[in-house]
Amino acid sequence: MDMIEDINLKNAEVSAILTMVLDEIQGIYNLEEENWHHELVRLKSTLFTSLYMMDERVQDINGIARLIMKKEVQKEKS
């Protein structure tokens, strides 16, 4: 089913973005405390972009899920 593959792909993209963000945060905690401020400022811009990208993927997933549910309802009516 093509729509299921699309959902799986979007979920994989969300997981990859989340993993990237968590790696960034973990990297900051591994730094010396005096370097945190610079890295947190950098992380702030990265987070905005990453969260926006995740939101876009989740909206795509929700749209595909709505299409699947609509088709299921149509099947049940037939």
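Q: What percentage of the 78 residues of the protein chain count as buried?
A: In this predicted model, where local features need pLDDT of at least 70, side-chain atom pairs count only at pLDDT 80 or more, and totals for chains, interfaces and linings use all residues, the share that counts as buried is 19% of the 78 residues. Residues are numbered from 1 along each chain as its sequence is written, and side-chain values use heavy atoms, with hydrogens and water left out.

Q: Why is S50 called buried?
A: The term buried is kept for a relative accessible area under 20%, exposed for one over 50%, and partly exposed for values in between, with a 1.4 Å probe and protein chains only. S50 has a relative accessible area of 2%, and therefore counts as buried.

Q: Which residues is S50 in contact with, leaving aside its neighbours within four places in sequence?
A: With contact taken as heavy atoms within 4.5 Å, S50 touches I17, M20 and V21 once those neighbours are set aside. S50 itself belongs to helix α2, which covers residues 36-77, a helix being a DSSP run of H or I with at least four residues, numbered from the N terminus.

Q: What makes the protein chain more spread out than a compact globule?
A: The chain has two helices and zero strands. Its radius of gyration is 18 Å, well over the 12 Å that the globule rule gives for 78 residues, and so the chain is more spread out than a compact globule. Here the radius is taken over C-alpha atoms, and the rule is 2.2 Å times the number of residues to the power 0.38. Along the principal axes, the C-alpha atoms fill a box of roughly 65 × 15 × 15 Å.

Q: Why is the pair of Y29 and W36 called edge-to-face?
A: Rings of Phe, Tyr and Trp (its six-membered ring) pair if their centres lie within 6.5 Å, and planes under 30 degrees apart count as stacked, over 60 as edge-to-face and the rest as tilted. By this rule there is one aromatic pair. The ring centres of Y29 and W36 are 5.4 Å apart and their planes stand at 80°, so the pair is edge-to-face.

Q: How do you know whether Y29 and W36 are exposed or partly exposed?
A: Y29 has 56% relative accessibility and therefore counts as exposed, whereas W36, with a relative accessible area of 27%, is partly exposed.

Q: What makes D60 partly exposed?
A: D60, found in helix α2, has 32% relative accessibility, so this residue counts as partly exposed. The C-alpha atoms of D60 and K10 are separated by 7.5 Å, although the two are 50 residues apart along the chain.
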